[in-house]
Amino acid sequence: MMVNGTEIVDTVVIGGGQAGLALGRELARQGREFVILDARRRVGDAWRLRWDSLQLFTPAKFDGLPGMPFPGDPLAFPGKDDVASYLEDYASRFDLPVRTGVRVDRVRRENERFVTSAAERRWESRNVVVATGGCQAPTVPGFADQLADHIVQLHSNDYRNPSQLPPGPVLVVGMGNSGAEIARDIAPTHPTSIAGTPSGELPVRLNRATARFVLPVIRFVGTHVLTRGNPLGRAAAAAFRGAPLIRTKVADLVDAGVQRVPRVTGARAGQPVLADGTTREVSSVIWCTGYRNDFGWIDLPAFDEHGEPRHRRGVVDSVPGLYFLGLEFLYAFTSATIPGVGRDARYLARRMRPASPATQPASVGRAVRGGRSAHVEERVR
């Protein structure tokens, strides 16, 4: 329903990745009138635009969202383009009202309703769900701008393949899974070193045997044991500093010719400085230094002194009608992953405030579409 240029809906979902789509399917089943807003041009672009060799750590049999199994060999590990296509097909199959190309710039509350704005567009709703996930704002150290101008610097968010890099040595900073995978990807074409220390290693290899016999156990532990509902899970959440190396291990990096070096502590004479005081002459630096949450566009009293949302399993008690989905350890170790997000989506859908008569559709088919297609690209920035 449109009133004076403002679209009135029951629920606005911000983020059209796996979290937003899984929730959208649950809201559609409830017959709610809702819209999913996503800044990307196409559904699945959050995966489609990652590095070319990226694969999931879980086999296809665990990678389906509620109501639609992941296609293909159930013991294979899908690539990033497979995931992107699956998400696009998922949105199409359930006719989810995804508005692509819409970058939300503010969420606030007016007269007991939420107002979501994206440039000149406005939506009013009874509920707002923030499903933007954990890869929001790439982080690099402050001394990155002290490196020489000729050094090509990329965050892992922008890395695609080795052809982006000029000839010469490459330093990968950060030895989590992204750093290890990217270093191994670059090593055949460039002298490559990696700085940092992993938080551990998965003690098995990813293959069809582990997909069949080992990963189901790991998935069960990550989904049902390591949760905020028990002391063990709460301790794990408090201590969580990143996942262990899963596919690419330290031995794999050594075998590929990747040199391990101490962590990077600064810059001197335009080159990276290592913890042992030496400099590293390089042509490129890949920052695999993670992301930070960026909720500065949410003008609501829902955050602690560190800017992190205060919530109980995604429900913000201090702001009724505001919810979060897809965050690291939202409830379980798997909450930010495709295998884990469906359960959290079902939980939030059941606990969401009831739809008001003003926005309750007569049937599921009346969910906000913006036209015949559920995917309407709106060039709103």
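This is a predicted model: local features need pLDDT of at least 70, side-chain atom pairs count only at pLDDT 80 or more; totals for chains, interfaces and linings use all residues.
View 1. Residues are numbered from 1 along each chain as its sequence is written, and side-chain values use heavy atoms, with hydrogens and water left out. Helices (DSSP runs of H or I, at least four residues) and strands (DSSP runs of E, at least two) are numbered from the N terminus, and two strands are said to pair if DSSP finds at least two bridges between them. Strands S3 and S4 (residues 98-102) run parallel and are joined by two bridges. Strand S3 (residues 34-37) is covered on both faces, with Phe34 and Ile36 buried on one side and Val35 and Leu37 buried on the other; here buried means under 20% relative accessible area, exposed over 50%, and partly exposed in between, with a 1.4 Å probe and protein chains only. In a regular strand the side chains alternate between the two faces of the sheet.

**View 2. Strand S2 (residues 6-14) pairs with S3 in the parallel sense, over four bridges.** Within this pair, Phe34 of S3 has Thr11 standing opposite. Between S2 and S3 the chain passes through helix H1 (residues 18-30), and this β-α-β crossover is right-handed, a term meaning that, with the strands pointing away from the viewer, the path from the first strand over the helix to the second runs clockwise.

**View 3. Gln18 is located in helix H1.** Gln18 counts as buried because its relative accessibility is 14%. Not counting residues up to four places away in sequence, Gln18 touches Trp47, Leu65, Leu87, Ala336, Ile338 and Val341, where contact means heavy atoms within 4.5 Å. The side chains of Gln18 and Trp47 also make a polar contact, at 3.0 Å; such a contact is a pair of N or O atoms within 3.5 Å, of which, within protein, one must be able to donate a hydrogen and the other to accept it, and residues adjacent in sequence count only if both atoms are side-chain atoms.

**View 4. The largest nonpolar core has 81 residues.** A nonpolar core is a set of buried Ala, Val, Leu, Ile, Met, Phe, Trp, Tyr and Cys residues joined through side-chain atoms within 4.5 Å. The residues with the most contacts inside this core are Leu21, Leu23, Leu65, Ile286, Leu322, Phe324 and Leu325. Leu23, leaving aside its neighbours within four places in sequence, is in contact with Val13, Val129, Leu325, Ala345, Ala349 and Met352. Another core, of 14 residues, lies apart from the largest one, and Ala144, Leu147, Ala148 and Val285 are among its members.

**View 5. Five strands form an open sheet with parallel pairing, in the order S9-S15-S10-S11-S12.** Strand S9 (152-155) and strand S12 (259-261) stand at the edges with a single partner strand each, so one side of each is left without a neighbour in the sheet. From one strand to the next, the twist averages 20 degrees. Strands S10 (residues 170-173) and S15 (residues 284-287) run parallel and are joined by four bridges, with Leu171 opposite Val285 in S15. Helix H4 (residues 177-186) lies across S10, strand S11 (192-195) and S15, and runs at about 170 degrees to S11; axes are lines fitted to C-alpha atoms, for helices over the stretch in contact, and angles run from 0 to 180 degrees between N-to-C directions.

**View 6. Ala144 is found in the loop between strand S8 (137-138) and S9.** Ala144 counts as buried because its relative accessibility is 8%. Its contacts, leaving aside neighbours within four places in sequence, are with Gln153 and Trp287. Ala144 and Gln271 are 127 residues apart in sequence, and their C-alpha atoms are 9.7 Å apart in space.

**View 7. Phe329 lies in the loop between S17 and helix H9 (338-351).** Phi of Phe329 is near 55 degrees, a positive value in a residue other than glycine, and Phe329 counts as buried because its relative accessibility is 6%. Most residues other than glycine have a negative phi.
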